[in-house]
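The following exercises concern one structure and are each followed by a worked solution. Please study the sequence and the model before reading on.

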Amino acid sequence: MTQNKQIVRVRFAPSPTGHLHIGGVRTALFNYLFAKSMGGTFILRIEDTDETRSTAESTKAIFEGMKWLGLTWDEGPFYQSEQADKGIYKKYIDKLLADGKAYHCYCTPEELDEARKLAMKEKRPPKYGGKCRNLSDDDKKKFEAEGRKPTVRFKMPEDGFVEFEDLVRGIVKFENKTLTDLVIQKASGYPTYNFAVVIDDALMKMTHIIRGDDHISNTPSQLNIYDALGFERPIMGHLSMIHGADGTKLSKRHGATSVVEYKNKGYLPQALKNYLALLGWATEDSQQIFAEGELEKKFDIKGCQKSPAVFDDVKLDWMNGEYIRNLFTKELKELAMPFIEEAGLDISNFSSEKLETIIVLEQEKYKTLKEIPELISFFFTPLKFEEKVSNKVLVKEGTKDILQKIYEIYSGFETFSEKELETKTKSFIADNNFKMGQVFQPLRGAVSGRSNGPALFKMLECFGKDEVLKRLQNAISISK
RNA sequence: GCUCCCUUCGUCUAUCGGUUAGGACGUCGGCUUUUCAAGCCGAAAAGAGGAGUUCGAUUCUCCUAGGGAGCGCCA
């Protein structure tokens, strides 16, 4: 790339009309990583020119989602609506009008809709027919008299073509005659997206526009506007889309699509960020896990894929598990707390240290933070036997006897430490020629009620002598 | 319908004309192990199809097929 590192300026420009979508945040991530890797500036701009659908909650969700993922912006947030209020767009619209590069259009939405349908039916491209391109002043007056409010359309060049070099797709070429005279100002006086982005990006001196593939067909039209206004064109880069398992663009019906949903499901921001970075991008050695700050250094837009990527929850789960396993005990506990509270576990009788010990017991097993409460709940709720334990393990012939002996041994313990438990239990097994499972299984079942769980002796130590003995006694009474 | 785009294991991907087509998730097998995980070792698994260019194509070109996106006074 010939671009000077210092002057790279990119932006994420979401519209605040819903939750922060996973596809949107991926675009944000790539812009952010591009800026960081090039030592450039990452800008956030809220595209709120849709007066009817933009909401303050959405704007808030965008901020929160980005902050959660650590996508900090260097400039902004800017709001498109504020630009409109300042009349910035109006100024350029007027310029185009004066230069004869735009014109007023009095067609109604209904008329246009009909024309579009007819065109499709007749197998013609559904572009605007240009009816209002050359209206006389009399025509205009007539329409005004009818109460029609005009929109402003950009006059597309009729021949020739637009060509640009896309950062991820290479040379892209469109014929001008396939382009429609798009509306740049609505009847309400507000600019349309396609016009506003051009003005904003030009005025904010964006050097690169990195956005989703779904915008690629707008690009030639926008480039023509750049040219008409005498603005320097930015370098374009169109990222492939993220698809659901069925191969179509990710949407609500594919399940979780908003960033908060992932947060609520117990995913770590670092894991989601790492996973998203790998959707449609890779290093030459296909590195999977990136340390803090590593993506920011290693990102290279050349590693971007042209074809869409399917979002794979299973791999995300694995990656999240990797990140959870690498957490320090305190971090893990802090992160788990909201989920433990949400699950309603009564932890009031446990010290913070004890809680940490318990949570860490199965750290390598957690794929999400959300599954933590369920996996540790037996420490906090009344003993309840799994069917397998009560129907098979405890009622196996000879079990009562074994548990009775264990009870006697444990009664004499001083420390009740993991180490003491393990050595003495094992020598008891050896002395009596028992098999490991013969003793361990009923022991685990008697104390936890479950057939699997954390390392047995650690678990026993966690419960403590009194509780273990109490539970053993209970089990003895119902075993055979 | 029109315009544009895409096509390597099931999934994410590496490969800048010559490789036993590599890695990761998942799957299967083994080891380890008191259980479930984790960990370690191993296996199966891919160039959509057809032409061409070339001494040689996954890689370059074209066609076909399949898939996707866009076609708003939405962004």
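**Exercise 1.** Describe the surface near RNA strand B by the class of its residues.

*Solution.* Begin with the classes: Ala, Val, Leu, Ile, Met, Phe, Trp, Tyr, Cys and Pro count as nonpolar, Asp, Glu, Lys and Arg as charged, and the others, Gly among them, as polar. Near RNA strand B there are 26 nonpolar, 22 polar and 17 charged residues. Next, apply the criterion for "near": the C-beta atom, placed from the backbone, lies within 6 Å of the strand. In total 65 residues surround RNA strand B, the closest being Ser 15, Glu 47, Pro 125, Ser 307 and Asn 452.

The model is predicted: local features need pLDDT of at least 70, side-chain atom pairs count only at pLDDT 80 or more, and totals for chains, interfaces and linings use all residues. Residues are numbered from 1 along each chain as its sequence is written, while chains are lettered from A and ligands numbered from 1 in the order in which they are written.

**Exercise 2.** How many residues of α1 are buried?

*Solution.* A residue is buried if 20 or more other C-beta atoms, placed from the backbone, lie within 10 Å of its own. By this criterion 16 of the 17 residues of α1 are buried. After α1 comes Gly 39, with a positive phi near 70°.

Terms used: A residue is buried if 20 or more other C-beta atoms lie within 10 Å of its own, exposed if 12 or fewer, and partly exposed in between; C-beta atoms are placed from the backbone. Helices (H or I, at least four residues) and strands (E, at least two) are DSSP runs, numbered from the N terminus.
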